[in-house]
Amino acid sequence: MSGYDYIVVGGGSAGCVVAARLAENAKVLLLEAGSASPVTAAPHRWLSLLGTGSDWRDTTLPEPELGRTLAWPRGKALGGSSSINGMIFARGHRSSYDWGKGWEFDDLLPFFRRSEHAPTRDPALRGVGGPLRVAPAEHRHPTAAAFVDAAAEMGHRLATDISGGAEEGVGWVDLNIVAGARQSAADAYLGSRANLDVVTDALVQRVVFDGVKATGVDYTVGGRQIRLEATEVVLCAGTVGTAQLMMLSGIGPADHLRDRNIDVVADLPGVGENLHDHPLSFVMYSSARPVPASSYNNVEVLGLVRSDPGLDAPDLQTTLSPTGEDSYLIVLSLMTPYSRGRLRLADEGIALAPRYLTDARDMTAMVNGLRVVREIGAAHALTPWRGQEAESGGEAYIRATTAPYYHYVGTCKLGVDEMSVVDQDLRVHGVEGLRIADASVIPQIPSANTYATVIAIAERAASLITEAATTR
């Protein structure tokens with residue numbers, strides 16, 4: 001294998017998009033550390049995929065506000081986290097895309113639309129003809145329908161397209177489920193392409209530099225050590241993998257790199273900083289009657305609401321999720337967290353410290369949000385289902401129940417300040433021939449599950465790279 005224009009590192013959600021789009025006009029190598037064949041399960045059993053061979057199975061350091069370590073799953077297979085996630089396909093509210101010039105909601109909208117085939121939605125806002133076939137559940141679960149009615153009863157508006165990014169309220173969300181099965185980014189984007197080589201079980205060890213110019217990568221596959229060169233390298237290994245690989249390649253906080261005996265190529269203190277996620281909690285209810293099994297992913301509706309009526313935009317997501325025949329959860333998650341953590345290299349690989357709820361404003365919002373979702377849970381529309389509510393409420397409860405929502409972002413954020421890592425064209429500051437196109441560049445997490453946003457970032461990245469190539 002030789003003569004590549006681009007090497008794309010990471011065959012996950014972003015990498016599949018970037019590689020496929022670039023291969024329309026150039027020769028591309030896509031390297032993925034995981035298997036070509038992810039572990040599979042029926043959509044409603046997606047949680048059973050966590051902890052399998054298709055998961056990196058990371059664990060955080062002890063969380064200071066929660067008093068425990070947390071499992072931090074992420075996809076390790078072709079398709080990445082899109083092969084193990086909950087299959088929710090939703091844009092954040094347009095107010096949450098305030099990322100600087102070229103990266104507002106309207107800038108991303110053409111790329112959101114390009115990625116999807118959403119024929120049941122408003123064609124002025126949504127795409128038709130894209131690789132990802134997305135739609136709400138066709139056969140609506142009765143508890144989900146009751147949740148929508150309960151939210152409306154409590155004064156929340158009914159959204160016609162909660163996935164579109166233009167509304168707040170409660171409505172039926174789009175899903176990456178086609179003909180009863182998951183459609184991953186690999187399923188949607190990768191096929192037989194003359195200009196694309198895909199290598200799985202390939203662990204990239206470092207980006208290779210000639211001075212400050214990236215010239216290729218070193219990786220291992222099948223016990224062999226390989227070095228390959230390309231005109232440009234694009235990192236799509238995700239919020240964890242990309243930051244880790246940057247530091248292993250000599251790009252990051254100089255003092256930390258020297259402590260790890262790594263030669264410094266570029267001193268970028270923002271690499272590994274700004275790590276954050278949506279904190280998630282819940283209220284549990286026993287059911288007054290048997291809850292039927294879901295035909296989909298156990299989440300068919302989403303609410304995007306405000307924890308405080310005085311806020312300028314929605315800051316809380318909520319949904320109802322059956323947990324078996326005799327119980328269900330009403331889930332809440334803070335969409336606009338202030339808390340920030342850090343990723344660093346460690347002897348065992350990486351040290352993850354997301355630091356959930358360490359900013360007091362996040363705790364206040366979660367406690368207020370719990371009151372909002374309990375009001376929905378107590379509404380008349382849920383009376384036929386509602387049995388006993390488990391004890392909930394207050395800061396101690398939030399600390400005991402808060403968990404990751406698996407929406408990790410931010411460790412190589414885009415911007416122009418001293419802690420930014422990439423510019424508006426996703427080029428890494430201080431070096432040449434290296435870009436990043438994945439969730440790590442997100443400076444502030446959007447108010448939704450991040451998959452649709454990552455796909456749009458990757459679509460825009462491929463467009464930027466292709467445009468730049470035509471002007472060389």
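1. Salt bridge here means a side-chain nitrogen of Lys or Arg within 4 Å of a carboxyl oxygen of Asp or Glu. Arginine 126 and aspartate 161 make such a pair, with their closest N and O atoms 2.8 Å apart; because the cut-off is 4 Å, that 2.8 Å gap qualifies. Do keep in mind while reading that this is a predicted model.

2. How much area is buried between domain 1 and domain 2? It comes to about 1800 Å², and carbon and sulfur atoms give 51% of that. On the domain 1 side, three residues stand out: His44, His93 and Arg121 supply 32% of what domain 1 buries against domain 2, more than any other three residues.

3. By contacts, the interface pairs 25 residues of domain 1 with 25 residues of domain 2. The salt bridge count between domain 1 and domain 2 is two.

4. Now the cavities. Which residues line the largest cavity? They are Ala90, Arg91, Ile162, Leu302, Gly303, Leu304, Gln317, Ser447 and Ala448. Sorted by class, that makes five nonpolar, three polar and one charged.

5. Where does that lining come from? Domain 1 and domain 2 each give at least three residues to the lining of the largest cavity. Among the elements, strand S19 (residues 301-305) gives the most, with three residues.

6. Last, a look at glutamate 168, found in the loop between helix H3 (142-153) and strand S8 (169-172). Its C-alpha atom is 6.3 Å from that of valine 305, although the two residues are 137 apart along the chain. Setting aside neighbours within four places in sequence, glutamate 168 is in contact with His93, Arg157, Ala159, Ile162, Leu304, Arg306 and Pro314. Some of these names have come up already: Ile162 and Leu304 are among the residues lining the largest cavity, while His93 is one of the three residues that supply 32% of the area domain 1 buries against domain 2.

Technical notes:
Residues are numbered from 1 along each chain as its sequence is written. This is a predicted model: local features need pLDDT of at least 70, side-chain atom pairs count only at pLDDT 80 or more; totals for chains, interfaces and linings use all residues. Side-chain values use heavy atoms; hydrogens and water are left out. On a 1 Å grid over the protein atoms alone, a cavity is a set of points where a 1.4 Å probe fits but cannot get out, and a pocket is an open set with protein on both sides within 12 Å along at least five of seven lines; lining residues have an atom within 4 Å of a point. Helices (H or I, at least four residues) and strands (E, at least two) are DSSP runs, numbered from the N terminus. Ala, Val, Leu, Ile, Met, Phe, Trp, Tyr, Cys and Pro count as nonpolar, Asp, Glu, Lys and Arg as charged, and the others, Gly among them, as polar. Domain bounds come from an automatic or database domain assignment. Contact means heavy atoms within 4.5 Å. Buried area is the accessible area (1.4 Å probe) that two parts lose on being put together, summed over both.
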